[in-house]
Amino acid sequence: MTRVLVPTGALGLGYDRAALDRGVAMRPDIIAVDGGSTDSGPSYLGLGVSKYSRAATKAEWRELMQARAAAGVPLVIGTAGTCGADAAVDWLLDITREIAAEDGMRARVATLRSGQPAGRVKAALAAGRVRALPAAPEISDGVIDACTNIVALAGVEQVAAALATGADIVIAGRTTDTAIIAALPILRGDHAGAAWHGAKVGECGALATTHPNSGVIQIDFDATGFTVEPMLPEAAATPYTVSAHMLYENSDPFILYEPGGHLDVTGSDYRALDGRRVRVEGSRWVPGRYTVKLEGARVVGHQAVGLAVIRDRRYVQNARAWAADVTAQVCQKIRARMGLAAEEFAVELRLIGMDATLGALETRHEMPLEVGVLGIVTCPTAEQAAEAAKMLNPYLLHHPLTEDEPMPTFAFPFSPAEMQRGALYEFCLNHVMELDDPMEAFVLDVHEVGHA
Amino acid sequence: MPELGQLVSKVRSKNAGPFWLTIDVFCDTPAVYDRVRKGLRDEAVARLFGVDRQLLKRFDIASLNVVKFSVPRPVVQGTRADRDMHGAGWACLLEELQID
């Protein structure tokens, strides 16, 4: 039997402190926490940075390091620093060293790096060992070279190798959400289908319970299945909350692809052991070729934005025509004054209050009280974006609906009116790469921290 | 005809990775589930999200009283044309769809 304690769905999101203490008192074999995902968009991977504040991360990580020391078991984090790029692993390692020094703690830390050199991915592509997943974008050597970061998602083999170093703390770069939870149960010979399925249930912390924000959940894995129990006494796991979690952010609620195979929960049986614990059996692990998923992000331009608010009723009623006119005139001016060709830049006005969320797919067309006009310019360089946004400025402030009317002025919330957004990143890989040896694309290092 | 959102307890849309969107319709009771399952046509849902019907994946899950759809994201997450980084706003389209 292997007992895994998951403190929260992601480090930085918070958790119930008393529930964490209760989890530690239950004597887990390992504490596992996720550090990120792609869900916040491509810029975190592109830049190799965390979306959560360093202070919040450090405060929670310190508590988890203390919990680990109290329990005397390993602490493992996957997808460190939101994106799991090598720079994000270094960022968390740095925080770990600081905490160890400040608290007089000593620990052996293993880092597992998932960053991929472009050369490796290009060689795999040339060798026919990179395969596109459904809805993948076209790739080429050029696209791979343009990525500022490429990561491969590690599975249980790489996390198990990190644990095998005898590490107290494992800081892993990009891993699958499930791998950090499934690794120890699989290493110890628990049921493989149960290990992956229980890991999927636990990867978002207490999200699969009646009290999602309490964070802390415990999963017991054994030879035939797994048992889920939330650590907040008021929280309950029910067959419904546990089975429904397979829907969450999964395009297929029954099949989950992982390195080296897939999980099939079609035949899983969910049974309430009491009012707040659920037992699951019948999940199947189906071995397959050893592949790891790749993620990459590249810069596709630079942006600046401006925001104006239109309250005047006549302008609100004619906002679409007004925005179309502004867009056409600004584009013409940018071409003429900056010498950019039409395909080199873009100006888009999103009408907040009308269709800013859904765009052309919007089905409702009601007249709002006011309209926020979010002007977005995208250019090859940051300097050009700043210039183009300044050309947009007078239109957002004063553009009249007709030539023969008094000049209108709209509401600008800020001065300066333009905001530099920096680089626009795009995800450009949705592919898997075949490996002969799970460790060949990952780098494992051991660091002793807190030593004089 | 009622809107779907008036019949069910929740309609949720989320990214399933940067390239896919998944929409879960939680029906609560077998009676509502049955009505929703029959009332929601694949063509109408594909049209709502502007995707090819052949690419729409559908799961009718009686044990959960859930109807689930997955589609290639109408625009890839985080690209210049993306308007909703986490993909949660698309649920409104289905929520406000009138069904038999």
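What follows covers the interface, the nonpolar cores and the salt bridges.

This is a predicted model: local features need pLDDT of at least 70, side-chain atom pairs count only at pLDDT 80 or more, and totals for chains, interfaces and linings use all residues. Residues are numbered from 1 along each chain as its sequence is written, chains are lettered from A and ligands numbered from 1 in the order in which they are written, and side-chain values use heavy atoms, with hydrogens and water left out.

Start at the interface. Chain A brings 39 residues to the contact and chain B brings 37 residues; contact means heavy atoms within 4.5 Å. The buried area is about 3,200 Å², and carbon and sulfur atoms give 60% of it. Buried area here is the accessible area (1.4 Å probe) that two parts lose on being put together, summed over both. On the chain A side, A:Leu247, A:Ser251 and A:Leu361 lose the most area to chain B, together 19% of what that side buries.

Polar links cross the interface as well. Between chain A and chain B there are 17 residue pairs in polar contact, both residues at pLDDT 80 or more. A polar contact is a pair of N or O atoms within 3.5 Å; within protein, one must be able to donate a hydrogen and the other to accept it, and residues adjacent in sequence count only if both atoms are side-chain atoms. Three elements of chain A give two or more residues each to the side that touches chain B: α10 (239-244), β16 (346-352) and β18 (418-427). Helices (H or I, at least four residues) and strands (E, at least two) are DSSP runs, numbered from the N terminus. β18(A) gives the most, with 4 residues. By class, this side of chain A has 18 nonpolar, 12 polar and 9 charged residues. Ala, Val, Leu, Ile, Met, Phe, Trp, Tyr, Cys and Pro count as nonpolar, Asp, Glu, Lys and Arg as charged, and the others, Gly among them, as polar.

Now turn to the cores. The largest nonpolar core has 59 residues, and those with the most contacts inside it include A:Val170, A:Met433 and A:Phe442. Such a core is a set of buried Ala, Val, Leu, Ile, Met, Phe, Trp, Tyr and Cys residues joined through side-chain atoms within 4.5 Å. Buried means under 20% relative accessible area, exposed over 50%, partly exposed in between (1.4 Å probe, protein chains only). Helix α8 (residues 179-187) of chain A gives this core its largest share, 6 residues. A second, separate core of 32 residues includes A:Leu11 and A:Ile77.

The structure holds 43 salt bridges over all chains, each a side-chain nitrogen of Lys or Arg within 4 Å of a carboxyl oxygen of Asp or Glu. Across the interface of chain A and chain B there are 4. One of the salt bridges joins B:Lys14 and A:Asp39 (3.9 Å, N to O).

Within chain A, A:Asp445 pairs with A:Arg113, the closest N and O atoms being 3.8 Å apart. A:Asp445 lies in strand β20 (residues 443-449) and A:Arg113 in strand β4 (residues 107-113), so the pair ties together parts that are 332 residues apart in sequence. A:Asp445 is partly exposed at 30%, whereas A:Arg113 is buried at 15%. A:Lys200 and A:Glu203 also meet in a salt bridge (2.6 Å, N to O). A:Lys200 is buried at 5%, and A:Glu203 is buried at 4%.
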